[in-house]
Amino acid sequence: MTTRAPSDRLLDQLRAIPFFAGLGETILHELAQGAVWRDYESGEVVFLEGDRPYGLYYLQHGWLKISKTSPQGREQILQFLEPGATFNAVGLFANQPNPATAIALEPAGVWILRRDAVMALLRRRPELAQHVVERMADRILELVDLVSDLSFRTVSQRLARMLLADAAGDTLHRPGW
């Protein structure tokens with residue numbers, strides 16, 4: 001069963017994606033026109049580490065995990081994704097293989113902003129290119145903070161900080177439950 005989100009809702013979702021928030025309606029509409037919808041079943045691979053990237057993904061519904069696997073088969077989960085998350089920006093902006101694998105943990109619906117469509121739009125719309133570069137710089141600063149956190153805090157300190165940040169009052173809930 002396809003649970004495709006209406007494409008008009010995609011415009012609202014694009015407004016909320018940090019890479020695209022604050023852009024004009026014309027550009028958002030052009031981005032939406034190049035988007036492709038995909039449904040995934042629980043356990044289905046969305047993309048594999050090392051494969052050619054297809055674009056930027058927006059998770060409409062469902063839960064995914066992003067992981068890397070060592071040559072010995074050890075899996076390292078990098079992130080769990082909930083509805084509203086974007087992922088694989090590397091697949092959109094870098095001409096490099098996917099750095100990780102994405103797997104649906106439950107039935108999921110995903111919008112994909114195809115790399116070729118977005119790159120063509122970036123060439124036609126320099127204001128979009130400038131906006132994206134600024135958002136990427138913001139992301140680099142977040143990663144610098146993450147490296148600092150990993151370098152200067154113990155595992156216990158990081159876990160306590162994360163639990164406190166995610167708690168509502170004295171309760172920690174998985175979003176969407």
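The exercises below, each with a worked solution, concern the sheet and the aromatic pairs of a predicted model.

**Exercise 1.** Determine in which order the strands of the open sheet are arranged, and which of them stand at the edges.

*Solution.* The open sheet is formed by 4 strands, which follow one another in the order β1-β8-β3-β6 with antiparallel pairing. Because β1 (35-40) and β6 (86-87) each have a single partner strand, they stand at the edges, and one side of each is left without a neighbour in the sheet. For β6 the pairing is with strand β3 (residues 55-61), in the antiparallel sense and over 2 bridges, and here Tyr58 stands opposite Thr86 in β6. Helix α4 (residues 115-124) lies across β3 and β8 (108-114), and runs at about 40° to β8.

**Exercise 2.** Describe the pair of Phe47 and Tyr57, and state whether its members are buried or exposed.

*Solution.* Phe47 and Tyr57 form a tilted pair, at 5.1 Å centre to centre and with 45° between the planes. Phe47 belongs to strand β2 (residues 45-47) and Tyr57 to strand β3, 10 residues apart. Buried means under 20% relative accessible area, so Phe47, with 8%, is buried, and Tyr57, with 4%, is buried. Together with Phe87, Phe47 and Tyr57 form one aromatic cluster.

How values were computed. Residues numbered from 1 in each chain as written. Predicted model: local features only at pLDDT ≥ 70, side-chain atom pairs only at ≥ 80, totals over all residues. Heavy atoms only, no water. Pairing = 2+ DSSP bridges. Contact = heavy atoms within 4.5 Å. Axes fitted to C-alpha atoms, helices over the stretch in contact; angles between N-to-C directions. Phe/Tyr/Trp six-rings, centres within 6.5 Å; stacked < 30°, edge-to-face > 60°. Buried < 20%, exposed > 50% of the residue type's maximum accessible area, 1.4 Å probe, protein only.
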